Amino acid sequence: MTEFVVPLASAGSPADVGGKGASLGELARAGVAVPPGFVVSVGAFAAAMEAIDGDGALRASVEALPVGDLPSIARVTALARERVVAAPLPSAVAAAITAAYAALGADPDVAVRSSATMEDSSAASFAGLQDTYLGVAGASSVLGHVRRCWASLYNDESVTYRRRLGMSEGSLAMAVVVQLMVRPRAAGVMFTRSPVSGDRSVVAIEGTWGLGSALVAGDVTPDSFVISKITGEITGRRVSDKGRVHSFLPNGHGVSVTDTPASLREAPCLTDDEIRALAAIARRVEAHYGVPQDIEWALLEEADPGAAGASSSADRIVLLQSRPETVWAARTAPPVAAPKARAADHVLSLFGKHL
């Protein structure tokens, strides 16, 4: 029998729980703090799509789209999203999600996050092409937002990217991560190599007050810090004027976007101790995976229940995602063929292989 829901700490194969789910599960098993939750598996998506598109015609129409035909892509993907959002969930899938959500508490606020099977690899980056919803509360709303995450597999940008890569639609699937919301004092991203120079001897951190969605949405220019992996010294520091803040409002009120208090706008969102604690966790995660990482982090409020009794900055840090860094990984990948003195020599070498 298909397992429609997987506890986050047990989430393993990306083929079953998507890239984000697998990464979070691996982090949890490695002892890195992540918000608790569960994954709606690829099996649940498959069961839903069997009802929506049993003959595969819808997915075939997406795969047949010409790469540069943006009007056709917009028309076909809008139809696909509409069908996925409107279709009722199979009863067994709905029951499994409802039970897993109830196990997290009494109608808790959660983040509902897309976790596609093709994302978070070193060969391609689908980050930001599928949807995430914050501050979702109530079983009915969670079920609806799971469908909306599934539908985001057919966002215009995601489909355009897949068509450019020539990916098969029939092999694609979407899992969904459901996690308890956190109330961070600050949040952001960090890279275990410089995103500017590719230098692997540093950790680069970007952050802002409140939720990291302010950074993702482009509402703020984040503070940025560079830390040497060798000495632990903070070698770079830029504090920005952070005019907007995204805040989580519990009890089903979701996320608010407000002006940042004047006293915080030009104040650093992290202390030096917090910067070093984040860098230490980044190094630990990179060592675990063995390749440079692109990491989403949150620093909990002192008063957050999850931080009760915290004795250090590290105790208040949770990770929301870790994926392979792709920009410099692509630049440093070995060439597919050894360089030749003349372009014609490549052609002659191919002929030589067949003689």
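Reader: What is the strand order of the open five-strand sheet?
Author: This is a predicted model, where local features need pLDDT of at least 70, side-chain atom pairs count only at pLDDT 80 or more, and totals for chains, interfaces and linings use all residues. Residues are numbered from 1 along each chain as its sequence is written, and side-chain values use heavy atoms, with hydrogens and water left out. Strands are DSSP E runs of at least two residues, numbered from the N terminus, and two strands pair if DSSP finds at least two bridges between them. Pairing is antiparallel, and the order is E1-E2-E5-E3-E4.

Reader: Which are the edge strands?
Author: An edge strand pairs on one side only. Here these are E1 (5–7) and E4 (132–136).

Reader: Which residue in E4 stands opposite Val110?
Author: E3 covers residues 110–116 and pairs with E4 over three bridges, in the antiparallel sense. Opposite Val110 stands Val136.

Reader: At what angle does helix H5 run to E2?
Author: Helices are DSSP H or I runs of at least four residues. Axes are lines fitted to C-alpha atoms, for helices over the stretch in contact (heavy atoms within 4.5 Å). Angles run from 0 to 180 degrees between N-to-C directions. H5 (residues 91–102) lies across E1, E2 (37–40) and E3, and its angle to E2 is about 170°.
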